[in-house]
Amino acid sequence: MTLSGNQKRKMKSASRLYAVQALFQMEHSGQAVESVIHEFEEFRFGADYDDGELTEGDPGHFRFLMQTAVNYQASIDQLTDRALVAKWPIARIDPTLRALFRAAGTELTQGDTPPRVVINEYVDVARAFFPEGKEPQFVNAVLDHMAREVKPGAF
């Protein structure tokens with residue numbers, strides 16, 4: 001079956017949401033990256049829940065996000081720290097946001113997706129986790145700062 005461009009984009013977007021969930025889970029459970037990747041690919045991608053079926057994720061993009069976020073976590077966290085207010089190091093922010101910044105930082109530093117697309121995608125992920133809060137605006141500001149540091153020519 002051939003996927004349309006729109007289907008591929010939706011799957012990539014779903015992979016970003018899954019990666020944030022999986023990175024959060026890894027931090028809280030201490031599970032290894034391969035174990036979490038396997039669990040998500042086997043049991044979470046496209047799962048059917050009471051409130052509706054989840055979109056199938058793009059396994060290749062999901063694996064790239066997970067493995068790269070783990071391999072480059074220290075440098076991505078340092079980049080995030082520089083983008084945060086000095087009094088709020090990454091260790092003090094919400095763990096969901098920490099996972100989000102690690103996934104987004106992976107794409108900004110190691111991926112080929114245009115920075116503006118990465119920012120928009122992860123602001124949407126933040127809206128999914130924090131539909132009523134100010135977190136999406138916070139995510140937008142921090143990711144904009146990170147993107148301008150690593151890819152200034154894109155702006």
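Helices H4 and H5 pack at an angle of about 100°, and their axes lie 9 Å apart, where axes are lines fitted to C-alpha atoms, for helices over the stretch in contact, and angles run from 0 to 180 degrees between N-to-C directions. H4 and H5 are therefore roughly perpendicular to each other, a term used for angles of 65 to 115 degrees, while angles under 35 count as roughly parallel, those over 145 as roughly antiparallel and the rest as oblique. On the H4 side the contact is made by Gln73, Ile76, Asp77, Leu79 and Thr80, and on the H5 side by Phe101, Arg102, Gly105, Thr106 and Thr109, contact meaning heavy atoms within 4.5 Å. These residues divide into three nonpolar, five polar and two charged; Ala, Val, Leu, Ile, Met, Phe, Trp, Tyr, Cys and Pro count as nonpolar, Asp, Glu, Lys and Arg as charged, and the others, Gly among them, as polar.

The model is predicted, so local features need pLDDT of at least 70 and side-chain atom pairs count only at pLDDT 80 or more, whereas totals for chains, interfaces and linings use all residues. Residues are numbered from 1 along each chain as its sequence is written, and side-chain values use heavy atoms, with hydrogens and water left out. Helices (H or I, at least four residues) and strands (E, at least two) are DSSP runs numbered from the N terminus.

H5 also packs against H6, at an angle of about 160° and with the axes 10 Å apart, which makes H5 roughly antiparallel to H6.

The crossing of H5 and H7 is right-handed. The residues that meet include Leu97, Leu100 and Phe101 in H5 and Phe138, Val139 and Leu143 in H7, and by class the contact has 12 nonpolar, two polar and one charged residues.

Several of these residues return in the largest nonpolar core, which has 40 residues, those with the most contacts inside it being Phe62, Met66, Leu100, Phe101, Tyr122 and Leu143. Such a core is a set of buried Ala, Val, Leu, Ile, Met, Phe, Trp, Tyr and Cys residues joined through side-chain atoms within 4.5 Å. The elements that give two or more residues to this core are H1 (5-29), H2 (33-44), H3 (59-71), H4 (73-83), H5, H6 (115-129) and H7. Not counting residues up to four places away in sequence, Leu100 touches Val20, Tyr122, Val125, Ala126, Val139 and Leu143.

Two further residues complete the picture. Leu84 has its place in the loop between H4 and H5 and counts as buried at 7% relative accessibility, buried meaning under 20% relative accessible area, exposed over 50% and partly exposed in between (1.4 Å probe, protein chains only). Leaving aside neighbours within four places in sequence, Leu84 is in contact with Pro89, Ile90, Ile93, Phe138 and Val142. Arg127, in helix H6, counts as partly exposed at 47% relative accessibility.

Conventions
A crossing is left-handed if the near helix is turned anticlockwise from the far one by less than a right angle, and right-handed if clockwise.
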